[in-house]
Amino acid sequence: MSPSLSFSPSSSSSHPLAPYGWDAEWEAEFAPYAARGLLVGRVVRVDRGQCDLVTAEGPVRADTEFVTPRDPLKVICTGDWAVVDPVGGDPRYVRAYLPRRTSFVRSTSSKRSEGQILAANVDHSIIAVSLAGELDLGRIERFLALGWESGGQPVVVLTKADLVPDPATLAHLVQDVETSAPGVPVLTVSATAGEGVDVLSAVVSGGTSVLLGQSGAGKSTLANALAGADVMEVQAIRDVDGKGRHTTTTRNLLVLPGGGVLIDTPGLRGVGLWDAESGVGQVFAEIEELGQECRFHDCAHLSEPGCAVLAALADGTLPERRLDSYRKLVRENQRIIAKTNVRARAELRREWRLRGAEGRAALQIKRGRL
């Protein structure tokens, strides 16, 4: 094992990879690979079958051929801790990656409805929403559902706050978002004016954050403000509608001077749910709690007698928009799960036919888990 990787759990905070999130738990996961003389690094970018990593021995570019499975959720991703060949390999290959603690996953826009992993091992999901246009609360709720499902803490950042100079109007917009984001911090930031950046820096200093949002939400400007340098290209705002242009084209991992790691992502046109039942439940916690008071445990909150959700809708304590959004996301998530199960069974049947009689006993066990 390389001397630069020989360190005790008590010294992990002083290790060269500590700024990238390395700790004693990652060290324990890596121990079997370290015994084989392999190298570990954090993936800072993935493109065209290769990835860039930062290791204790310096930056490394490696081929991902051996960790590119058919399952798109298991491909190497920005934020992963990858195990690579030691010095001397040409090219070097990623041999494995350490088990992920969390992952931010969405459904692709394809008809196959496959999952797509956007970032791995994240502690915060920073959802950037521009105040240059009208707030889309339904879209915010979508991001929040995926954020909660990822296992990290969502944070909503309302960018370009300088475009709303009236304090009362800004406070009203913040309140609208807070109502749609129970249990989620809602921050206002003007990256160009430097307002609110210090508060956000303190929030993200304790781990890895992924920066998400639509094109033009001001993510690259925000990333530059957090990094304290122009690390991301920024394009001008369009005069027509006040929206920025798409700049980031890959997912990039940056170490922040105030502590923490940031993964910047391209603007997302589609934000499809992916097996996000618990995430939806957390976004609409008040509806889930009301549902516990319904007369029937399987109440669909449509027209059933004794429905506490409909009662709250009728007396005005539950906004109709919230209930409509909740119903929409629940239906969408159910469709995704159904499609996933159908595809899994189809793949199992194909495998069954290919194997013939040999190995079918194992497949029967596998089928029992679907």
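**Salt bridges and a covered strand**

Student: Which residue forms a salt bridge with Asp 52?

Tutor: Asp 52 pairs with Arg 61, and their closest N and O atoms are 2.7 Å apart. A salt bridge here is a side-chain nitrogen of Lys or Arg within 4 Å of a carboxyl oxygen of Asp or Glu. This is a predicted model, where local features need pLDDT of at least 70 and side-chain atom pairs count only at pLDDT 80 or more, while totals for chains, interfaces and linings use all residues. Residues are numbered from 1 along each chain as its sequence is written, and side-chain values use heavy atoms, leaving out hydrogens and water.

Student: Why would two such side chains pair?

Tutor: Side chains of opposite charge can pair when their charged atoms come close.

Student: How many salt bridges does the structure hold?

Tutor: The structure holds 12 salt bridges. One of them joins Arg 100 to Asp 80, with the closest N and O atoms 2.8 Å apart. That pair links distant parts of the chain, 20 residues apart: Arg 100 lies in the loop between strand 5 and strand 6, and Asp 80 in the loop between strand 3 (58-63) and strand 4 (81-84). Helices (H or I, at least four residues) and strands (E, at least two) are DSSP runs, numbered from the N terminus.

Student: Asp 80, buried or exposed?

Tutor: Asp 80 counts as buried because its relative accessibility is 0%. Buried means under 20% relative accessible area, exposed over 50%, and partly exposed in between (1.4 Å probe, protein chains only).

Student: Where do the two sides come from?

Tutor: In a regular strand the side chains alternate between the two faces of the sheet.

Student: What does strand 4 pair with?

Tutor: Strand 1 (residues 39-47) pairs with strand 4 in the antiparallel sense over 4 bridges. Two strands pair if DSSP finds at least two bridges between them. Strand 5 also runs antiparallel to strand 4, joined by 3 bridges.

Student: What stands opposite Val 83 in those strands?

Tutor: Val 40 stands opposite Val 83, and in strand 5 the bridge partner of Val 83 is Ala 96.
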